[in-house]
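Hi there,

Here is the structure I promised to pass on to you.

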Amino acid sequence: MTSATENAAKIYRLVYVGRSSAQLERDYGDRLARLINEGFEVHLLCGDDGGIPQLRARGVIVKPIPVLHSRNIAGLIGAYFIVQAYLIEQEPVLVHAMNGAVGTLGVLAAAAADVDVIVLSADGHDFEKGRVKKRLKSLGAQLEARLPQVVRENIEARLPQLLALKGLSYYRLISLLVDKYLVSNEHDLRMLQELQLVPYHKLEMLVGGDGVDLTKFNVKDDAFPTREQARQALGLPRAWRNIIGFRGTLYSAAECDDLRECIEEVERTHPTTGWLLDLDTSALRGLAARRALFRLQAQLQRDRVHLLEDAPRPTVATSAKQREFEEASFYRALDLFVSPRRTHGAARQVMEAAATEVAAIAYHIADMSAAIEHGQTGELVDCGDVGGLVAATRAALDDPARRQLYGKRAVALAMRRFNRQHIEDQIFRIYDTVLETNLNN
């Protein structure tokens with residue numbers, strides 16, 4: 001940021017609000033360190049899931065808040081009052097809130113604390129499939145059966161605008177409170193513009209979202225593992241002719257079943273192909289999801305599937321460089337990345353795969369359309385069409401020349417669109433612009 005030193009007296013304290021300290025350290029740690037090096041005092045309010053020591057080591061002032069579980073309504077409401085009190089006490093000039101329910105409480109708390117500049121990073125605006133209808137019931141009505149009356153009365157007295165929110169009014173209110181509304185793909189940008197939910201001058205699209213630290217996935221670096229080194233480090237069978245990978249969170253029974261079916265169907269025609277998986281199933285809820293998980297787990301016990309947790313584990317003394325080697329080895333070992341995700345939020349893994357010359361096949365959802373150029377760096381199939389996912393995977397396995405061409409183009413796309421350094425430069429320019437405008441006025 002070019003004006004940090006000159007305006008240190010005015011632009012001094014920045015506060016970020018997010019859910020996961022581990023995720024914030026991974027995706028924003030370098031950005032926060034850059035801000036500190038520019039002379040800013042950086043605060044972070046977030047859930048405590050293991051990333052706080054590393055953030056504090058960078059010089060970030062961290063305060064834990066109860067937001068790790070977004071379905072914990074009482075915890076989120078408690079977090080709102082904690083954040084609001086903290087902002088009133090610290091008087092920051094800028095608050096940057098991150099996504100979902102935590103982003104909402106960060107924006108509302110910052111507005112109540114009269115913060116000079118409020119920035120929101122938001123995605124997942126799916127208005128085309130009727131999901132917005134599920135929100136037509138006001139939040140106050142949704143809380144009726146969940147919170148004691150005395151708590152509801154207290155909230156209503158202090159946050160009446162929150163309990164009255166329903167349908168698209170949520171987005172309109174948030175857009176009035178923020179100075180910049182950041183989205184990560186053209187779908188979200190187009191929907192917000194068409195529905196006139198966010199004023200044009202507030203909308204900013206950062207293609208690639210938070211981007212990828214390409215220095216960790218530089219295939220031209222002599223220290224980066226070769227394909228054979230990666231497969232050996234992960235203990236993968238030499239008999240596997242091709243290796244397909246997926247890493248990320250599964251959120252629904254449908255996603256579990258799609259992954260299971262894809263593994264089964266590909267094995268029928270390509271018996272020498274193996275799967276390398278790094279799965280997070282902690283978000284699965286409900287009986288249907290648990291049953292689907294059991295079906296998937298039965299499939300994972302087969303010889304053609306290798307879970308990352310089965311790979312040789314690093315010791316306690318493992319260095320950051322060694323951990324980066326393990327993460328890079330996951331992608332480097334792959335011939336193809338296949339995603340069964342029907343929900344937003346897996347684009348980062350596809351971007352990391354792209355940076356390591358790995359083509360991807362995924363369902364056509366908003367964030368994937370930003371991470372994959374269909375027919376150029378991979379393939380996109382209709383969301384939920386598991387048959388299409390299987391067919392595209394088989395076609396890619398049968399055409400190694402096209403797959404390798406996709407991989408080469410994917411690297412170029414990563415350099416052009418997903419370079420986190422370039423994205424952070426854009427964000428800093430946004431900070432400079434809105435801070436200069438608001439503080440001078």
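Predicted model: local features only at pLDDT ≥ 70, side-chain atom pairs only at ≥ 80, totals over all residues.

Is Ser121 buried or exposed? Its relative accessibility is 13%, and since buried means under 20%, Ser121 counts as buried. Leaving aside residues up to four places away in sequence, Ser121 touches His96, Ala97, Met98, Asn99 and Leu182. With one of these, His96, the side chain of Ser121 makes a polar contact of 2.8 Å.

The other part I looked at is helix H4, residues 100–112. At 1.5 Å a residue, its 13 residues should span 18 Å, and the end C-alpha atoms are 19 Å apart, which agrees. Buried residues of H4 run through Val102, Gly103, Thr104, Leu105, Gly106, Val107, Leu108, Ala109 and Ala110. After the helix comes Asp114, which has a positive phi, near 60°.

H4 also has a helix partner: H3 (residues 73–90) packs against H4 at an angle of about 40°, and the two axes are 9 Å apart. Their crossing is right-handed. On the H3 side, the contact is made by Leu76, Ala79, Tyr80, Val83, Gln84 and Leu87, while H4 supplies Ala101, Val102, Leu105, Leu108, Ala109, Ala110 and Ala112. Sorted by class, that contact has 12 nonpolar residues, one polar and no charged ones.

Key: Residues numbered from 1 in each chain as written. Heavy atoms only, no water. Helix = DSSP H or I, 4+ residues; strand = E, 2+ residues; numbered from the N terminus. Expected span 1.5 Å × (residues − 1). Buried < 20%, exposed > 50% of the residue type's maximum accessible area, 1.4 Å probe, protein only. Axes fitted to C-alpha atoms, helices over the stretch in contact; angles between N-to-C directions. Left-handed = near helix turned anticlockwise from the far one by under 90°. Contact = heavy atoms within 4.5 Å. Nonpolar A, V, L, I, M, F, W, Y, C, P; charged D, E, K, R; others polar. Polar contact = N/O pair within 3.5 Å; in protein donor to acceptor, adjacent residues only side chain to side chain.
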